[in-house]
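Let us walk through this structure one contact at a time. We begin with a pair of helices and then turn to charged side chains.

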Amino acid sequence: MSSPTGPAGLPVRMPRPRQSGRHRRPEPLAAPEGAPALVLAVPGEPSAAVRALAEELVSIARSELPGLQAAIGFLDGDDTEYLSLTGVLNEAAALRVERYELARAAGREVDEPAGPAAVVVPLMVGPDEALTVRIRQAVVDSGAPAELTDVLGPHPLLAEALHVRLSEAGLARADRARLFTVATAADGIVLATTGGAEAVQAAGITGMLLAARLAVPVMAAALDEEGSVAAVAAQLRGSGSAQLALAPYLVGPELGAGLLAAAGAADCPVAEPLGAYPAVGKLVLSQYMTLLGIAPQQAGTSVR
């Protein structure tokens with residue numbers, strides 16, 4: 001059988017035929033046409049570093065779902081250097097109307113816009129009622145048709161991210177293949193979060209997953225409650241842990257100034273916040289897809 005040839009008689013790489021059968025890979029899909037924008041709601045004081053972090057997370061989400069329209073809205077944005085959440089939602093709603101009108105003007109038969117123009121995903125791993133109230137109010141103030149998702153955690157991928165941050169700080173060693181612990185420099189972990197008692201309780205769920213990975217006790221504490229971190233550290237030491245480490249259960253922007261420094265009173269080394277760890281970006285997309293009823297396997301994404 002002859003094979004196609006290119007210049008100078010060289011063989012041409014032909015596309016592989018689509019695999020058939022129940023074991024074939026699912027075809028990755030782009031975002032559905034007309035899907036609402038994903039708007040990442042970023043708490044905390046805006047800065048260049050925070051914007052770079054948010055942009056990296058949005059880039060991860062876009063890479064997982066091609067065609068995704070995404071934007072960043074700062075809860076404390078000034079609508080000049082840093083766009084506010086309300087302003088971004090207004091833009092999303094106006095853009096949807098503009099696209100509809102352009103399609104009509106071009107003679108296309110399109111339905112009038114319906115459903116949300118945007119899906120707002122809070123950049124928070126755990127509950128924080130004060131921040132959630134402000135995000136809801138920003139959505140209401142915009143007047144835009146938008147839906148608000150839940151926070152990102154608890155989730156096994158966040159336990160993985162915490163493990164990686166601890167290992168990067170030299171506080172835990174991990175197997176290269178699956179990140180399971182081989183030996184750990186810390187024999188007790190203080191999982192530090194913000195948002196009060198509800199946040200501590202939710203962090204405890206991810207803490208159990210982290211404890212299973214590290215095979216050491218993990219206890220959650222509130223950075224924004226005076227004495228909470230020190231009390232949890234004392235409890236861990238009282239139960240036999242001698243070398244403690246503090247793992248911030250936070251992305252980073254929601255971390256108030258000085259909170260980690262104040263936690264230093266517990267006299268233990270501190271890992272970095274979760275930041276733009278890839279799993280965080282995937283969880284942002286997962287919340288968006290879940291609200292819209294898009295199956296992860298259809299979009300080539302998995303957050304298992």
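A crossing of two helices is called right-handed if the near helix is turned clockwise from the far one by less than a right angle, and left-handed if anticlockwise. Keep that in mind for this predicted model. Helix α1 spans residues 48–64, and helix α8 spans residues 278–292. The two pack at an angle of about 65 degrees. Their axes lie 8 Å apart. The crossing of α1 and α8 is right-handed.

Which residues meet there? From α1 come L57, I60, A61 and E64. From α8 come P278, V280, G281, K282 and L285. Six residues of this contact are nonpolar, one is polar and two are charged.

Now look for salt bridges. The whole structure holds three. One joins R51 to E81, with the closest N and O atoms 3.9 Å apart. R51 sits in helix α1, while E81 sits in the loop between β2 and α2, 30 residues apart. R51 is partly exposed, at 25% relative accessibility.

That loop between β2 and α2 also holds D76, which pairs with R134 of helix α3, so the bridge ties together parts 58 residues apart in sequence. Here the closest N and O atoms are 2.5 Å apart. R134 is partly exposed, with a relative accessible area of 36%. D76 is also partly exposed, at 36%.

E168, at 54%, counts as exposed.

Methods:
Residues numbered from 1 in each chain as written. Predicted model: local features only at pLDDT ≥ 70, side-chain atom pairs only at ≥ 80, totals over all residues. Heavy atoms only, no water. Axes fitted to C-alpha atoms, helices over the stretch in contact; angles between N-to-C directions. Helix = DSSP H or I, 4+ residues; strand = E, 2+ residues; numbered from the N terminus. Contact = heavy atoms within 4.5 Å. Nonpolar A, V, L, I, M, F, W, Y, C, P; charged D, E, K, R; others polar. Salt bridge = Lys/Arg side-chain N within 4 Å of Asp/Glu carboxyl O. Buried < 20%, exposed > 50% of the residue type's maximum accessible area, 1.4 Å probe, protein only.
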